[in-house]
Structures are given as C-alpha cells and as structure tokens.
Amino acid sequence: MGAPPGYRPSAWVHLLHQLPRADFQLRPVSSGFAPQEQEYQQALLLVVALAGLGLGLSLILIAAYLIRVCCCRPPEPPGSKSPPPGGGCVTWSCIAALLVGCAGIGIGFYGNSETSDGVSQLSSALLHANHTLSAIDHLVLETVERLGEAVRTELTTLEEVFTQRTELVAATRGARRQAEAVAQQLQGLAFWQGVPLSPLQVAEDVSFVEEYRWLAYVLLLLLELLVCLFTLLGLAKQSKWLVIVMTVMSLVVLVLSWGSLGLEAATAVGLSDFCSSPDTYVLNLTQEETGLGSDILNYYFLCNQAVSNPFQQRLTLSQRALANIHSQLQGLEREAVPQFPSAQKPLLSLEETLNVTEGNFHQLVALLHCRSLHKDYGTALRGLCEDALEGLLFLLLFSLLSAGALATALCSLPRAWALFPTRNLSASCSGSRLSEPFFHARLEAAPPLRSLPGCWRRPH
C-alpha cells in the first residue's frame, strides 16, 4: 500500500529503504512495525540497553583515566614552582569540549522544536479529521430528523386532505415511502457513529504527552547550558569550589544524556519502521479498534481510482429518491392545490424540507469523498515521518555530542583544578612582598631624632 499523495520521505528515509528489509505488501497481516509483539519490544529494549552500556563504559574509562593520572603522576622536584607540563593543554581541551557541548545544545534546541512541530501537525490532522467525521454524523442526524418530521406531519396531513382522491393519496404515500427510503439510506452514511475510537481523544492524549516531553527536553538543555557556562566561568576565575561543583553536575548531566540517547534511539528505530510501511499498520490498527470494513478503510487510506467509493450506491439511491419526491410534490402542487387549497401550506413546507435535505445531501457527498480525510492522513504522516523523525535525529546528535563533551570535561576538570594556585597563601605572600619595600622606604625617609632636655636617649 503506497503512501498518500504529497507525502515525500526525507533523505534519511531513502537511506533506510536501501538497507535490507522485508517486503511488506497490502495484506491483512502484521507489518514490520509491530510494537505489540514481545520480540519487537525486546529489540527496542536492546537499543536502550546499548545506551546503558555506553554510559557504563564511559564511566569506567573516566575512572580509569583519573586513577592513572593521580597514581602515575611523576614526583615534582623539591622547591619547584613551575606548573607541571601539559597544564595548558588540559585547560584548553576542557574548554574545547565545553564549547562543543554548547554547539550540541543549539542542535538540541532545533531538534526539540522540529519534533514538536511534527507532533503538532499530527494533532492538527486528527482534530480536522474529527471535525469532518462529526460534521458527517451531524448532517445525517439532522437530515433524518427533518425527513421523519415531514413524514409524521406534512405527509400525514396531505393524506387526510386527499382522502376523497385515491390517486392523490397514492401519490402522497409514494412520497412517504421515498422519504423513508432516503432516511434509511442516509443512516448508513454515518459510518463513524458509535465507533469507540475518537480522533479528538487521541489528539488530546498526543498533545498532553508532547507538552511534557518538550518541557523535559527544554529543562535538560538549559541544565547542560548552565553547567557549561558555569564551568567556563570557574576555569576563567580559577575558582576551585565552582569547578568541583560543576564537575559533580557534569556527571549528573552525563547520565541524563546517555538516558535520553537510549530513549531517542529506540523511538527513532520504531518510528523509522513505522514510516517504512505506515499504511499496513494503520489499516490493521484502525480496523481492530473501530471494527469498520476494509472497503471503507481502503477507500480513505488509498483514495485513488483503483478503490471505489463504498457509499456510492447509497448516495445514488438517495439522489434518485429525492428527485422522485421532488417530482411528485410538483405534480401534487399542480393537480391538488386548485381543488384542495388547504394542501398548499403542507406542500410548501415539504418543498422547504426537501430543499434543505438536498443541500445537506450535497454537503454529505463532499464530506464523504476521500479527499478531506486522506489529506489529513497525509498531513499526519508528514508530521511524524519528516519533521518529528528529523527532530529525533537532531536530538540524537545532541545527546552524542553532549555525552562526548561531558566525558572529556570530566577527564580534564580534576587535572585543571589541581593546577589552580591557592588563593589565600599567594595573596598573603604577594601582599607582604609588596608592603616590605614601601615600609623600608618610609623608614629611610624619616629624619633623625634630636635629643631634647628631659628626654631619655637610648644609648647606641
């Protein structure tokens, strides 16, 4: 089953299609995307477990590197005041890693926005489809009620008026049968009435989950941005306590980055499987949840000339019946009104009801055509398989850059703060060194004291 017209997969989707993949045809069987199967769920959990393995390896490598640096450091010669070699490289490598992390944060904001746009398209398409289905149900209900009211009142009144003319009574009863047939045919057009699956509820659930997902990623991105900025500030100010705090926070953000990486990878794999053959899975799921016939679902999901309109027969019969009613009412108006003036008012009321019914019928024909609902289906697919999945790939890139940058920073920060000078000791020493020449200069500039009467003079 092909995708809807106007749905064009992005470049990465074409790349995925070049990989070895099973060939899925339009049959009532399970598609490649089967989230309800245990084997498929285990495969996605394996993807998440790979991210956990990456987190464990990165923590082990960081710990091994720091232990090697601390335990295998060569002894410094006594009295050496020069910084150890490689100190500048350590600081600059840490700064470079943090700048890469900041670039990854920008990519993450873009990916989060793209994912949100794709989900918003899905929600909008579901809401528009719900509006179309509700309009069909409303028009059918209104038209059937109008026809039933006309049968109970105006046509019954005409039969009572035309009691003396058998042919007029027969014509009136023929119009009654035609109106009842139209009402019966129209009731079958409300195919979504009584279906437990509500597109409005699905759209609300999707929007609710997306709001919290978007907020969680914004908080994660802001947290990492603050960690990077305050770490750079600590390196610039050579503030040991600030760098130590940011090192602990970097470890926390590293764990969160690997966790988000696992979720993003599993979601991207599942969504790519869905987008490789979406029609089969959506067809099976909708048929299972709604109980609708495959002819109706194929008509709206495919919307091409190969699939006929399942409501065409009902629409044709209804149109013919309305035309017959219209002609019978015109005949009654010509023949009966001159003889039965009291029949003019119910006939005019029937003409008005018939005009409204024909207007509703034309609206139903337009709404029941596959163009509107199929367009919503294509919009939902484009939102998921283009914008949302593209955003997931950018978020995946953000998580990779973030994990690599934070791992590098965690290796460099302990060595960087070890090179920071002790502020109190250096400040006191420099203050004493600066005050001693000034103090000696004041002593040398003082004039010699003279002995005065009555004053004791210290002997030299």
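Predicted model: local features only at pLDDT ≥ 70, side-chain atom pairs only at ≥ 80, totals over all residues.
Residues are numbered from 1 along each chain as its sequence is written, and side-chain values use heavy atoms, with hydrogens and water left out.

On a 1 Å grid over the protein atoms alone, a cavity is a set of points where a 1.4 Å probe fits but cannot get out, and lining residues have an atom within 4 Å of a point; points are joined across faces, edges and corners, and a volume is the space filled by probe spheres set on them. One cavity of 30 Å³ or more was found by this rule, and the largest cavity holds about 90 Å³ of space. Its lining comprises Leu-147, Ala-150, Leu-155, Ala-175, Ala-179, Ile-325, Leu-329, Leu-350, Thr-353 and Leu-354, with two or more residues given by each of helix 3 (87-161), helix 4 (166-187), helix 9 (312-335) and helix 10 (344-368), where helices are DSSP runs (H or I, at least four residues) numbered from the N terminus. Nine of the lining residues are nonpolar, one is polar and none is charged (Ala, Val, Leu, Ile, Met, Phe, Trp, Tyr, Cys and Pro count as nonpolar, Asp, Glu, Lys and Arg as charged, and the others, Gly among them, as polar).

Most residues other than glycine have a negative phi. Cys-303, placed in the loop between helix 8 (294-302) and helix 9, has a positive phi of about 55°, but counts as buried at 18% relative accessibility.

Notes: 1 Å grid on protein atoms, 1.4 Å probe; cavity = no way out; pocket = protein on both sides within 12 Å on 5 of 7 lines; lining within 4 Å. Buried < 20%, exposed > 50% of the residue type's maximum accessible area, 1.4 Å probe, protein only.
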